[in-house]
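Q: I have a structure open and would like to go through it with you. Can we start with the aromatic rings?

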Amino acid sequence: IASTTYCQGAQLSVPYTAVGAYTGGNIFSAELSDASGSFAAPVVIGTLASTVSGSISCTIPALTPVGTGYRIRVVSNMPSTTGSVNASDISINSAPYAGADDAITLCKNSGLYDLIIFLDGASNCGTWTGPGGGAFSGTLNTSADNAGAYTYTTNCPGGCPQDAATLTITLQDPASAGNDVSASLCSTGAAVSLFSYVNGGDLTGIFFYNGQGTNGSFLNTPGVYDLVYVVYGSAPCANDTAEFTFTVNAAPQAGTSTTVTVCQNAAPFALLPLLGNAQAGGTWTGPGGPSNGIVEPAIGPAGLYTYTVVGLAPCANAQAFVAVVIDPCQGIGDIGNVDHGMHWIGQEGVDHVIRIDQRIAANLELLDVHGRVLHTYDGPFEAGVVRVPITAAAGIYLLRPTGQAAALQLLHR
């Protein structure tokens, strides 16, 4: 052996002399003892397929313990033969070791990493360069530094060759569910798109309510609902979550608009019951301004009364209207200056008894106070007394021959 001092990882040539005959397929193996010279557990440092004398190219393993009592021998397998041990102790000195090349994935924004921990067994006496070839501290900031190839090169004392290893780093984008959210909804609002409420997060997650995935279709019922939004991370990044609280406010109910006709001598009455299912607590305005919702027919005024129920945001205010008509209730009256030849005699049940002075060839039309035709009675009508049934609600109506402006006013009770 050319030398008795080697570094860890060094290469050497081990010569041997083949004595005797060896068959085809024979392997000569160079074995290294432990630091005390024992071959109880030898380490093979090189092999050669041969049947004659020669030299075996060998490598001292990089992690061989430092020592001064190593020996080398050569053995064969066909036939099984153990050669003599070399004559002198061999010293193996510590060699710089940069570790094995490796590739890792880290999560962005996950903190600082001392990169040497990813190079198993590396000597702690070297320097780093970054992906661009510039000097690097060896501590990776996953929020600021780039992905790429980071190279560690040893610079250790002693006469052994230096070593280098490359650590290729991939930075995985972290999962982001964004900020926690609190929002108010109205029970009569449009269907909710939960993702439209995500604040600063990825739109690739899943919403959960009481542990079950949900699209929020139930968010039209008044109440408070706590949802969790989960965005799943790709390894090694963890999942991220955000808390969502939705408060669904009940829409205000002002009831259903209506019209009421009362006699001028009727008792005072409340407007709210006329609106049906209106909720209490709203405010009234009438023809003369603010109102207490009580109308006294003898005083009035007649006109449009507005009931307003204030909504809790984002619900809009609700309004309903009561049109109050106050009639003198003096029976009948004529509309127009043209003689229509009809006279009201009285009301019997739903029938109004009308006296006609002369034959009416046309049909008769029943109109409401807005001028809308509610019913047509087929003519002709002979002179005399006729009955005109009115099945509509109590109120003021007009009866006229088709095509005429003059009309008979009726109070239907």
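Q: How many aromatic pairs does a search of the whole structure find?
A: The search finds 16 aromatic pairs. Keep in mind that this is a predicted model.

Q: Take Trp128 and Tyr152. What kind of pair are they?
A: Tilted, because the ring planes stand at 40 degrees, with the centres 5.0 Å apart.

Q: Where in the chain do those two sit?
A: Trp128 is in strand S12 (residues 126–129) and Tyr152 is in strand S15 (residues 148–154).

Q: Are Trp128 and Tyr152 buried or exposed?
A: Both are buried.

Q: And Phe195 with Phe207, what is the geometry there?
A: The planes are at 75 degrees and the centres 5.4 Å apart, so that pair is edge-to-face.

Q: Which elements hold Phe195 and Phe207?
A: Phe207 belongs to strand S18 (206–209), while Phe195 is in the loop between strand S17 (181–186) and S18. Twelve residues separate them, and this pair too is listed as linking distant parts of the chain.

Q: Phe195 and then Phe207: buried or partly exposed?
A: Phe195 is partly exposed, at 35% relative accessible area. Phe207 has 2% relative accessibility and counts as buried, because the limit for that is under 20%.

Q: Which residues do ring pairs link into a cluster with Phe195 and Phe207?
A: Tyr197, Tyr229, Phe244 and Phe246 are joined with them by ring pairs.

Q: Switching to pockets. What is the volume of the largest pocket, and how many residues line it?
A: Its space comes to about 370 Å³, and 22 residues line it. Nearest the centre are Pro15, Tyr16, Val74, Gly83 and Ser84.

Q: Which strands supply at least two residues of that lining?
A: Strand S2 (11–16), strand S7 (72–77) and strand S8 (80–82). S7 gives the most, with five residues.

Q: How do the lining residues of the largest pocket divide by nonpolar, polar and charged?
A: Twelve are nonpolar, nine polar and one charged.

Q: What about the second largest pocket, what volume does it have?
A: About 230 Å³. It is lined by 13 residues, and Thr259, Thr261, Val369, Ala394 and Tyr397 are the closest to its centre. Strand S22 (258–263) and strand S35 (395–401) each give two or more residues to the lining. By type, the lining of the second largest pocket has seven nonpolar, four polar and two charged residues.

Q: S22 also holds Val262. Is Val262 buried or exposed?
A: Buried, with a relative accessible area of 12%.

Q: Which residues does Val262 touch, beyond those up to four places away in sequence?
A: Phe269, Pro297, Val325, Ile326 and Asp327. Ile326 is 64 residues from Val262 along the chain, yet their C-alpha atoms are separated by 5.1 Å.

Q: Last one, Thr142. Where is it?
A: Thr142 lies in the loop between strand S14 (139–141) and S15. It has 3% relative accessibility and counts as buried.

Q: What does the side chain of Thr142 reach?
A: Two backbone atoms: the nitrogen of Ser110 at 2.9 Å and the oxygen of Gly111 at 2.7 Å.

Q: And which residues does Thr142 touch, not counting those up to four places away in sequence?
A: Leu106, Cys107, Lys108, Asn109, Ser110, Gly111, Tyr113 and Leu171.

Terms used
Residues are numbered from 1 along each chain as its sequence is written. This is a predicted model: local features need pLDDT of at least 70, side-chain atom pairs count only at pLDDT 80 or more; totals for chains, interfaces and linings use all residues. Side-chain values use heavy atoms; hydrogens and water are left out. Rings of Phe, Tyr and Trp (its six-membered ring) pair if their centres lie within 6.5 Å; planes under 30 degrees apart count as stacked, over 60 as edge-to-face and the rest as tilted. Helices (H or I, at least four residues) and strands (E, at least two) are DSSP runs, numbered from the N terminus. Buried means under 20% relative accessible area, exposed over 50%, partly exposed in between (1.4 Å probe, protein chains only). On a 1 Å grid over the protein atoms alone, a cavity is a set of points where a 1.4 Å probe fits but cannot get out, and a pocket is an open set with protein on both sides within 12 Å along at least five of seven lines; lining residues have an atom within 4 Å of a point. Grid points are joined across faces, edges and corners, and a volume is the space filled by probe spheres set on the points. Ala, Val, Leu, Ile, Met, Phe, Trp, Tyr, Cys and Pro count as nonpolar, Asp, Glu, Lys and Arg as charged, and the others, Gly among them, as polar. A polar contact is a pair of N or O atoms within 3.5 Å; within protein, one must be able to donate a hydrogen and the other to accept it, and residues adjacent in sequence count only if both atoms are side-chain atoms. Contact means heavy atoms within 4.5 Å.
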